[in-house]
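Please look over the display first, then read the points below.

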Amino acid sequence: GSANFAADIYDMLLTSWGAENAAIWDLMTAVIMVKPDLCVFQPLHLKVITDEGFTSGQTVIVPNEEPNINVCLEPDVNLIKQTLIDVFSSSR
């Protein structure tokens, strides 16, 4: 299932690149995508700064605009950690 797939990807990355160089993507985001009940979401209007400069690529809240995304501001950290432990423990 998805746990095995995720574990296989991380095993491949760690084997190919080594633990020092492997890019580990945002696991918390992946867990919340699969189990959205692990977070309290808030509708906000966000934009990404695309202008050249040191803020390029940053995400900012645009006040007083119609929300364009639901943002996880209150994750259940303990349940997310336990989910990751369960997923990676059961995929062996």
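The notes below go from the whole chain to single residues.

This is a predicted model, in which local features need pLDDT of at least 70, side-chain atom pairs count only at pLDDT 80 or more, and totals for chains, interfaces and linings use all residues. Residues are numbered from 1 along each chain as its sequence is written, and side-chain values use heavy atoms, with hydrogens and water left out. The chain contains three helices and four strands, arranged along the sequence as α-α-β-β-β-β-α. Helices (H or I, at least four residues) and strands (E, at least two) are DSSP runs, numbered from the N terminus.

**Confidence**
- The mean pLDDT of the chain is 81, and 74% of the residues score at least 70; pLDDT is the predictor's confidence in each residue, from 0 to 100.
- Helix α1 (residues 2-17) has the lowest mean pLDDT among the elements, at 67, while strand β2 (residues 46-48) has the highest, at 96.
- Where pLDDT is low, the predicted coordinates should not be read in detail.

**Surface and contacts of the chain**
- Of the 92 residues, 16% count as buried, where buried means under 20% relative accessible area, exposed over 50%, and partly exposed in between (1.4 Å probe, protein chains only).
- The accessible surface is about 7,000 Å², and carbon and sulfur atoms hold 57% of it; the areas come from the Shrake-Rupley method with a 1.4 Å probe, and for residues only the protein chains shown count as cover.
- Among contacts (heavy atoms within 4.5 Å) with a separation of 6 or more, 55% are between residues 24 or more positions apart.

**Disulfide and core**
- The chain has one disulfide, a term that here means a pair of cysteine sulfur atoms within 2.5 Å.
- Cys-39 and Cys-72 form this bond, with an S to S distance of 1.9 Å.
- Cys-39 is in strand β1 (residues 39-44) and Cys-72 in strand β4 (residues 69-75), so the bond ties together parts that are 33 residues apart in sequence.
- The torsion about the S-S bond is about 110°, which means that the disulfide is right-handed.
- Cys-39 counts as buried because its relative accessibility is 9%, whereas Cys-72, at 24%, counts as partly exposed.
- Beyond its neighbours within four places in sequence, Cys-39 is in contact with Ile-32, Cys-72, Leu-73, Glu-74 and Pro-75.
- Cys-39 also belongs to the largest nonpolar core, whose five residues include Val-31, Ile-32, Leu-38 and Ile-80.
- A nonpolar core is a set of buried Ala, Val, Leu, Ile, Met, Phe, Trp, Tyr and Cys residues joined through side-chain atoms within 4.5 Å.

**Thr-83 in helix α3**
- Thr-83 sits in helix α3 (residues 77-90) and counts as buried because its relative accessibility is 12%.
- A polar atom of the Thr-83 side chain is 2.7 Å from the backbone oxygen of Leu-79; a polar contact is a pair of N or O atoms within 3.5 Å, where within protein one must be able to donate a hydrogen and the other to accept it, and residues adjacent in sequence count only if both atoms are side-chain atoms.
- Leaving aside neighbours within four places in sequence, Thr-83 is in contact with Val-31, Lys-35 and Leu-38.

- Leu-46 lies in strand β2; apart from neighbours within four places in sequence, Leu-46 is in contact with Thr-59, Val-60, Ile-61, Asn-68, Ile-69 and Val-71.
- Leu-46 and Ile-69 are 23 residues apart along the chain, with 7.1 Å between their C-alpha atoms.
- Asn-64 is in the loop between β3 (59-61) and β4 and is exposed, with a relative accessible area of 82%.
- The phi of Asn-64 is near 60°, a positive value in a residue other than glycine.
- From Asn-64 to Leu-44 the C-alpha distance is 9.3 Å, at 20 residues apart in sequence.
- Glu-66 is in the loop between β3 and β4 and counts as exposed at 65% relative accessibility.
- The C-alpha atoms of Glu-66 and His-45 are separated by 6.1 Å, and these residues are 21 apart along the chain.
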